[in-house]
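Open the model in your viewer and keep the selection panel at hand. We will go stop by stop.

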Amino acid sequence: MSRWRSLPEPTWARVSYPQIDFQDIYYYAAPKMNGAPKSLDEVDPAILDAYKKLGIPLREQEILAGVEPQNRVAVDAVFDSVSVVTTFRAELAKAGVIFCSISDALQEHPELVRKYIGSVVPVTDNYYATLNSAVFTDGSFVYIPKGVRCPMELSTYFRINEKNTGQFERTLIIAEEGSYVSYLEGCTAPQRDENQLHAAVVELVTMDDAEIKYSTVQNWYPGDANGRGGIYNFVTKRGDCRGKNSKISWTQVETGSAITWKYPSVILRGEGSRGEFYSIAVSNGMQQVDSGTKMIHLGKNTTSRIISKGISAGRSQNTYRGLVSAHRKATNARNFTNCDSLLIGNQCGAHTVPYIESKTSTATFEHEATTSKISEDQLFYCMQRGLTAEESTALIVNGFVKDVLQQLPMEFAVEAQKLISISLEGSVG
Amino acid sequence: MLEINNLHVKIAGEDKVILRSLTLKVAKGEVAAIMGPNGSGKSTLSYVIAGKPDYEVMDGEVLLDGVNILEMAPDERAAAGLFLAFQYPMEIPGVATMTFLKAAMNAQRKQRGQAELTTPEFIKRVNAAADLLGIPKDMLRRPLNVGFSGGEKKRMEILQMTLLEPKMSVMDETDSGLDIDALKIVAEGVNARRDPEHAFLVITHYQRLLDYIKPDTVHVMSRGRIVKTGGPELALELEANGYRDYQSAA
Ligand SMILES: Nc1ncnc2c1ncn2[C@@H]1O[C@H](COP(=O)(O)OP(=O)(O)OP(=O)(O)O)[C@@H](O)[C@H]1O
Ligand SMILES: [Mg+2]
């Protein structure tokens with residue numbers, strides 16, 4: 001904590017916000033109850049209700065009743081930084097998979113947690129990561145043993161509820177040799193006039209031939225039309241492809257937050273490892289988004305792929321900022337980057353800021369970027385066929401983001417598509 | 001069915017007047033053709049009927065079944081049964097043709113207070129219409145009009161017309177760029193829908209199309225107004241003599 005107090009706030013991103021009074025935020029807001037819940041029956045009914053409204057079933061029976069077995073999703077629900085419930089733990093344990101809150105993991109598997117936590121994002125990494133390391137209270141922990149393909153999607157839902165809350169959860173996922181896991185993260189927050197801060201840290205580690213697919217659908221409250229209220233989303237996400245031929249893929253759909261400042265990155269350490277970043281960032285109203293990725297090529301024959309789709313409407317600003325670097329030893333490193341921006345209306349802005357650093361002449365980096373506007377002619381064409389102005393916009397936008405939506409698991413893709421339409425409501429006509 | 005009275009139209013935000021005192025009627029069950037030189041305002045007329053925002057109506061009215069549609073949004077006009085086959089159909093990247101068709105059909109049904117089509121029913125209708133127009137199935141999976149040839153785009157317009165079942169169809173140079181086989185197919189698409197309940201306004205430069213779609217009426221348009229109206233023989237006369245006689249008359 002004292003290390004964090006001594007750091008200056010970062011000012012280089014293309015976002016502006018009044019200085020945050022960090023004394024004003026409760027660093028740890030436990031849902032009001034005594035002790036951690038032992039079972040769902042002890043969970044505050046109001047919380048269960050809140051999750052139900054979000055369409056996230058927390059009771060395994062409900063999940064089992066409604067959904068085909070292969071579509072089951074194990075859920076860890078985190079409310080104001082505290083993990084309230086994790087489903088399917090027993091069944092996952094049979095496969096050797098550990099999926100629980102970090103606080104439980106510290107109790108039950110302290111050696112594993114200590115070995116990996118902070119090994120990808122060190123305490124001193126950046127301003128917000130340091131803050132997180134100092135005050136984090138909980139989060140999700142996932143461990144996939146050697147050779148195991150996780151039998152279901154794992155998922156964490158975050159929700160910020162309390163006033164003046166900062167959410168500082170920490171997620172750690174370890175995929176041992178030859179294992180695979182797909183992990184989904186969903187975020188929501190209700191409407192509040194004050195700003196709330198989300199400064200999470202996510203660390204991923206893949207060993208030889210392992211793969212982690214990490215998907216996020218983020219719908220934090222963006223603030224009202226005049227930019228009042230909303231979440232400040234300053235998150236540090238990093239994956240470390242430690243093993244040979246391992247793979248980490250980040251897919252994100254960002255529709256909410258007043259300010260987003262987020263660069264999920266991959267360190268391509270293992271020979272032949274692969275990093276992917278697929279992103280849809282929607283901004284409307286007064287939202288400010290500064291997001292992108294870092295692909296750090298350290299190992300031989302490492303490859304990375306970046307597909308970013310930015311959609312700006314209203315008076316919002318949407319910036320893609322990406323770094324692709326190749327170390328001296330990263331011979332034959334390859335990257336392909338494609339950044340497309342779509343503008344709706346003429347008061348918004350889209351910016352693309354690619355940084356490229358290569359210390360080896362054998363690296364091949366390709367970069368493509370386009371900026372387009374939804375044309376009046378396209379809108380008129382769709383409307384002539386009977387679609388309303390909003391339906392037409394949603395259809396054209398969905399076409400624009402299709403390459404990224406396809407990366408999401410089915411159920412999430414449908415949800416994400418709806419979310420994108422909702423967040424663009426009122427941007428045309 | 002369609003009645004246009006004394007229509008004056010200019011480009012929105014400019015002084016350029018394109019249509020002047022234009023009057024035209026298309027009765028129920030009628031197929032009317034409009035011919036006229038380049039730049040005479042044919043496409044503009046079709047756009048104004050469909051409600052494109054680039055134009056400003058200074059005077060006059062456009063009635064569909066007796067209702068003035070000029071105050072209606074383009075999607076409301078579509079739901080009321082108006083269809084425009086575009087001279088230059090738009091490309092919609094990333095949106096599969098199937099997805100677009102379903103969205104359009106259901107949007108119109110919604111506006112009319114009808115239930116959504118079930119997926120099997122939708123597929124059945126699309127397949128039937130595509131077979132009729134010789135449109136291969138794999139084209140329906142591609143993004144709408146993206147990379148389609150000129151003729152394929154025109155065929156896709158007719159597919160949409162067939163599926164949306166409009167009562168009033170305006171076709172802007174649908175025959176341009178079509179090979180003979182496609183031309184026959186498009187004509188069949190129109191002829192199959194020709195009955196006392198449906199009407200067509202066909203804009204064309206070529207008598208050839210009118211060999212396959214026999215018009216009831218032919219209008220000659222020049223400099224933003226209808227300068228002559230006659231039967232099918234008028235098209236033959238234009239083919240022989242060109243527009244010379246009419247340009248001075250306007
Ligand atoms: N949005 C616009 N801005 C400026 N001028 C326009 C616009 N739309 C049409 N015009 C002009 O109006 C006139 C009529 O154009 P229109 O496209 O209606 O002609 P047309 O009869 O369809 O011609 P063609 O046979 O070549 O298709 C032309 O001089 C054209 O340049
Ligand atoms: Mg024209």
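**Stop 1**

Buried means under 20% relative accessible area, with a 1.4 Å probe and protein chains only. Strands are DSSP runs of E, at least two residues long, and helices are runs of H or I, at least four long, numbered from the N terminus.

Before moving on, note that this is a predicted model: local features need pLDDT of at least 70 and side-chain atom pairs pLDDT 80 or more, while totals for chains, interfaces and linings use all residues. Residues count from 1 along each chain as written, chains are lettered from A and ligands numbered from 1 in written order, and side-chain values use heavy atoms, without hydrogens or water.

Two strands pair if DSSP finds at least two bridges between them. Pick B:F83 again: opposite stands B:S169 in strand 7 of chain B.

**Stop 1**

B:S43 lies in helix 1 (residues 42-50) of chain B and B:Q87 in the loop between strand 6 (82-85) and helix 3 (97-111) of chain B, so the pair ties together parts 44 residues apart in sequence. Both B:S43 and B:Q87 are buried.

**Stop 2: ligand 1**

Show the 15 residues around ligand 1; B:G39, B:K42, B:S43, B:T44 and B:H205 come nearest. Here, a residue is near if one of its heavy atoms lies within 4 Å. Helix 1 of chain B gives the most to this shell, with 3 residues.

Next, check the polar contacts (pairs of N or O atoms within 3.5 Å). A ligand 1 oxygen is 2.8 Å from a polar backbone atom of B:S43. Another stop is B:T44, where an N or O atom of the side chain is 2.5 Å from an oxygen of ligand 1.

**Stop 3: the open sheet**

Finish with the open sheet of 4 strands in chain B, order 2-1-4-5, with antiparallel pairing. Strand 2 (17-26) and strand 5 (67-68) of chain B stand at the edges with a single partner strand each, so one side of each has no neighbour in the sheet.

Note on methods: Buried means under 20% relative accessible area, exposed over 50%, partly exposed in between (1.4 Å probe, protein chains only). A polar contact is a pair of N or O atoms within 3.5 Å; within protein, one must be able to donate a hydrogen and the other to accept it, and residues adjacent in sequence count only if both atoms are side-chain atoms.
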